[in-house]
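Me: I am new to this structure. Please walk me through it in short questions and answers.

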Amino acid sequence: MNPAKIVLQGLVVGRGAAAVAGPFDAVIAAGEALVVTGPNGAGKSTLLRTLAGLLPPLAGAIRLEGLAGVDGEPAERLADVAHYVGHRHGMKSQISVGDNLSFWGRYLGGAATGRSERSRQNAERDRNTPALSGSAALSPSEALAAVGLPGIDSIPFGYLSAGQQRRASLARLIVAHRPVWILDEPTSALDTASQTRFADLVAGHLGSGGIAIAATHHPLGLEGAKTLHIDARDPRSAGPGTPDAPLDEADLASAEGWL
Amino acid sequence: MIALFLRDMRLAFAGGGGATTGVIFFLAVIATIPFGVGPDLNLLSRIGPAILWIGALLSTLLTLDRLFQADRDDGTLDLLIAGPLPMPLVVLSKCLALWTASSLPLVLASPVLGLFLALQPAALLAVMATLFVGTPAIVCIGAVGAAVAVALPRGGLLVSVLVLPLAIPVLIFGVSATYAAVNEPDPFWPPFMILCALTLFFGALGPVAAGAALRGGGD
């Protein structure tokens, strides 16, 4: 079996039809981290959202090798094997932290399958991909303890402080196992001790054969991580392969005809 | 899918979930009509089924605009789109949860409120039956509107405007089936069956269309 890796081939990312950044070429193998750096507005979040499957790539491809999804089949999309942590938490403020996490655990861990079913699949996957036999999914309270918030399961998410909310939402990474973590500014609002703790968490994930792709301004403490630097681009200059030519008369006429 | 359904049900009944808004709006509309129309029982019982249906339609639309917007605001929608469940099933389970939390209470309340409008017993049952099979269609149509307007800050009005024309056939056949139950010799079953067909049609089409709209609207 091939060692797991993610290959980016000439990936151009953008919003709508306008290219924002790229083309990117990179190979990220199991146990490696890719840190995406660059000034504000350079396209870090756009790249990560494209990797997570939330935006279509404008050109190029994301290829996966040796990564198996929740069902044990080889994964086609990176989103099937990845956790995406964005700027927003994805947690409901009305219900408790524990309920939020157990929902994500059940939903992401293969919806509509019971716990025993899932652990069987976990076992099967671990056997298939020995390189990725990572930590099995933790229960919500164990995950909260791992991010330094023990005993807050029953508190509504909305009552937590900004940093606690961030840590609780990072606990989602470990309630359902995914070999790839896509992290967009994961340490914003975290204090120094929590950043260190999170860096340990990421290091543990990498140590068990996982892959992390992170955009960050803070050093994550990831020694030996590959760095992908995105330069700020002049938004007025059209990049290579940019189909953002202004609308001409013919386009307008055809649009009016359609209406 | 079951996990998503259960979570949405919880949220609907947790604080600020808004499941009861629709029922209270329904109650307010139906309870004020007799005062506005006056004590003419014949007139009330003649327009009663239509009033109940219009009230149910409007109060369902009232609850629709938050169907996806709350999830979008806190980032849950991103994770649902990237998650393992296909988008049409995500939309379907959210619609099921919304219907159970906000439309099923309308259906259950409709016979009681029908008494306010001097409906005959047969009409009470007919209204309940037609609302039961008709409201899922309204929710599924509305899901498409809610998905299209998800990125707009005040999309609620736009959702209503988008959705109302599509919901008109449901209203027509729902009301005509109800009238047919009390007015001999109109047949009850043909309009009722068309209503069922509309629900099945929109139940199949709505989630697919709403899923595509949500996926395409990602930013």
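Me: How many of the residues of chain A count as buried, in percent?
Reply: This is a predicted model, in which local features need pLDDT of at least 70, side-chain atom pairs count only at pLDDT 80 or more, and totals for chains, interfaces and linings use all residues. Residues are numbered from 1 along each chain as its sequence is written, and chains are lettered from A and ligands numbered from 1 in the order in which they are written. A residue is buried if 20 or more other C-beta atoms, placed from the backbone, lie within 10 Å of its own, exposed if 12 or fewer, and partly exposed in between. Of the 259 residues of chain A, the buried share is 43%.

Me: How many helices and strands does chain A have?
Reply: Helices (H or I, at least four residues) and strands (E, at least two) are DSSP runs, numbered from the N terminus. By that rule, chain A comes to eight helices and eight strands.

Me: In what order do the five strands of the open sheet in chain A stand?
Reply: Two strands pair if DSSP finds at least two bridges between them. In this sheet of chain A the pairing is parallel. Strand E5 (82-85) and strand E8 (226-229) of chain A each pair on one side only, as edge strands. The order is E5-E6-E7-E3-E8.

Me: By what angle are neighbouring strands of this sheet turned against each other on average?
Reply: Axes are lines fitted to C-alpha atoms, for helices over the stretch in contact, and angles run from 0 to 180 degrees between N-to-C directions. For this average, direction is ignored. The value is 15°.

Me: Which helix packs on the sheet?
Reply: Contact means that the C-beta atoms of two residues, placed from the backbone, lie within 7 Å. The helix touches E3, strand E6 (180-184) and E7 of chain A. Its direction makes about 150° with that of E7(A). It is helix H1 (residues 44-51) of chain A.

Me: How many bridges join E6(A) to E7(A)?
Reply: E7(A) also pairs with strand E3 (residues 33-37) of chain A, through four bridges. There, Val36(A) stands opposite Ala215(A), and Ala33(A) faces Ala212(A). E6(A) and E7(A) run parallel, and their bridges number five.

Me: How many of the five residues of E7(A) are buried?
Reply: In a regular strand the side chains alternate between the two faces of the sheet. On one side of E7(A), Ile211(A), Ile213(A) and Ala215(A) are buried, and on the other Ala212(A) and Ala214(A) are too. So both faces of this strand are covered. The buried residues number five of five.

Me: Which residues does Ile213(A) touch?
Reply: Ile213(A) is among the residues that touch the most other members of the largest nonpolar core, which has 133 residues. Such a core is a set of buried Ala, Val, Leu, Ile, Met, Phe, Trp, Tyr and Cys residues joined through C-beta atoms within 7 Å. Not counting residues up to four places away in sequence, Ile213(A) touches Ile28(A), Leu34(A), Val36(A), Leu48(A), Leu51(A) and Ile182(A).

Me: Which helix gives the most to this core?
Reply: Ala143(B) and Ala147(B) are also among the members with the most contacts to others in the core. The helix in question gives 16 residues. It is helix H7 (residues 121-148) of chain B.

Me: Which element gives the largest share of the side of chain B that touches chain A?
Reply: On this side, 23 residues of chain B are in contact with 24 residues of chain A. Helix H1 (2-13) and helix H5 (76-82) of chain B each give two or more. The largest share is six residues, and it comes from H1(B).

Me: Is His205(A) buried or exposed?
Reply: His205(A) lies in helix H7 (residues 192-207) of chain A. It has 24 C-beta neighbours inside 10 Å, so His205(A) counts as buried.

Me: Where is Ala189(A), and what is its phi near?
Reply: Ala189(A) sits in the loop between E6 and H7 of chain A. It counts as partly exposed because it has 13 C-beta neighbours inside 10 Å. Its phi is positive, in a residue other than glycine, and near 70°.
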